[in-house]
Amino acid sequence: LSKLLSTRQLILCGMTIPIGLLLVVGGLQWRSVRSYEASRQWVNHTRFVLVALESLVSDLSKAEIGQRSYLLTHQDSYLGPYEAALGDGRDQLRMVRQLTVDNAGQQQKLNRLEPLIAAEFAKLEQTVTLEKNLDHAGAVKLAADNAGNPMNQIQATLLQMHVIERGLLEEREATYQRIGR
């Protein structure tokens with residue numbers, strides 16, 4: 001074999017093979033790092049969705065508590081937190097919409113959820129307006145009207161979305177751990 005190849009060709013061959021192997025190993029390592037990073041980003045993304053869903057539930061509760069506290073006490077001090085919760089709730093709903101744009105199932109749930117939340121917020125605002133206009137009986141009657149129980153539907157849908165995201169998080173964390181080994 002050495003008679004067929006010159007010394008120069010042997011040296012070139014001897015250098016090319018290790019360099020080629022280094023390139024292959026480097027490429028595989030680069031791909032592995034990219035997969036690991038993408039997996040980590042999906043885990044973080046899913047955690048952000050879960051936080052946004054939990055914040056939305058919290059904002060809905062705060063708005064309802066603020067509205068009821070105002071109806072019971074007639075103290076304007078409850079209106080600030082109530083109004084902040086309404087604004088924050090709308091912001092969180094938009095955030096959940098943006099964060100789940102890649103998930104058609106979650107988007108469909110949001111399509112059903114948004115009008116329910118808008119109706120619930122409108123009802124809260126109506127009761128506060130009635131109370132401000134000194135129609136306490138009308139405000140209490142409207143607040144007690146549970147026609148269709150939109151809040152129950154809202155909570156059930158948010159719980160479904162949360163369960164789906166928890167499942168995704170478990171899958172994504174498992175993938176992240178597997179790739180990281």
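**From a loop to the interior**

Modeller: Leucine 134 is found in the loop between H3 and H4. Helices here are DSSP runs of H or I with at least four residues, strands are E runs of at least two, and both are numbered from the N terminus. The model is predicted, so local features need pLDDT of at least 70 and side-chain atom pairs count only at pLDDT 80 or more, while totals for chains, interfaces and linings use all residues. Residues are numbered from 1 along each chain as its sequence is written, and side-chain values use heavy atoms, with hydrogens and water left out.

Leucine 134 is exposed, at 77% relative accessible area. The scale is simple: buried is under 20%, exposed is over 50%, and partly exposed lies in between, with a 1.4 Å probe and protein chains only. The backbone here is worth a look. Leucine 134 has a positive phi, near 65 degrees, and is not a glycine. Most residues other than glycine have a negative phi.

Histidine 74 also has a positive phi, near 60 degrees. Histidine 74 sits in the loop between H1 and H2. This histidine counts as partly exposed, at 46% relative accessibility. Tyrosine 78 is in the loop between H1 and H2 too. Its relative accessible area is 31%, so tyrosine 78 is partly exposed. Tyrosine 78 touches Gly66, Ser69, Tyr70 and Thr73, leaving out residues up to four places away in sequence. Contact means heavy atoms within 4.5 Å.

Now go inward. Valine 128 belongs to helix H3, which spans 104-132. Valine 128 is buried, because its relative accessible area is 3%. Beyond residues up to four places away, valine 128 touches Gln67, Tyr70, Leu79 and Tyr82. Tyr70 is also one of the contacts of tyrosine 78. Valine 128 and glycine 14 are 114 residues apart in sequence and 83 Å apart in space, C-alpha to C-alpha.

Next, the nonpolar core. The term means a set of buried Ala, Val, Leu, Ile, Met, Phe, Trp, Tyr and Cys residues joined through side-chain atoms within 4.5 Å. The largest one has 25 residues, and Leu60, Leu113, Ile117, Phe121, Ile154 and Leu158 have the most contacts inside it. H1, helix H2 (79-99), H3 and H5 give this core two or more residues each. Take isoleucine 117. Setting aside neighbours within four places in sequence, isoleucine 117 is in contact with Leu56, Leu60, Leu93 and Ile154.

On a 1 Å grid over the protein atoms alone, a cavity is a set of points where a 1.4 Å probe fits but cannot get out; a pocket is an open set with protein on both sides within 12 Å along at least five of seven lines; lining residues have an atom within 4 Å of a point. Points are joined across faces, edges and corners, and a volume is the space filled by probe spheres set on them.

The largest pocket holds about 170 Å³. It is lined by 14 residues, and Glu64, Arg68, Glu120, Lys123 and Asn146 are the closest to its centre. H1 (7-73), H3, H4 (136-144) and H5 (150-180) each supply at least two lining residues. The lining has five nonpolar, four polar and five charged residues. Here Ala, Val, Leu, Ile, Met, Phe, Trp, Tyr, Cys and Pro count as nonpolar, Asp, Glu, Lys and Arg as charged, and the others, Gly among them, as polar.

The whole structure has two cavities of 30 Å³ or more. The largest cavity has about 50 Å³ of space. Its lining includes Trp42, His45, Leu99, Asp102 and Arg172. By class, that lining has four nonpolar, three polar and three charged residues. Histidine 45 is in helix H1 and is in contact with Leu99, Asp102 and Arg172, leaving aside neighbours within four places. A polar atom of the histidine 45 side chain lies 2.8 Å from the backbone oxygen of leucine 99.

The second largest cavity is about 30 Å³. Val57, Leu60, Ser61, Met151, Gln155 and Leu158 line it. Four of these count as nonpolar, two as polar and none as charged. H1 and H5 each give this lining at least two residues. Leu60 and Leu158 are also among the core residues with the most contacts.

Terms used
Polar contact = N/O pair within 3.5 Å; in protein donor to acceptor, adjacent residues only side chain to side chain.
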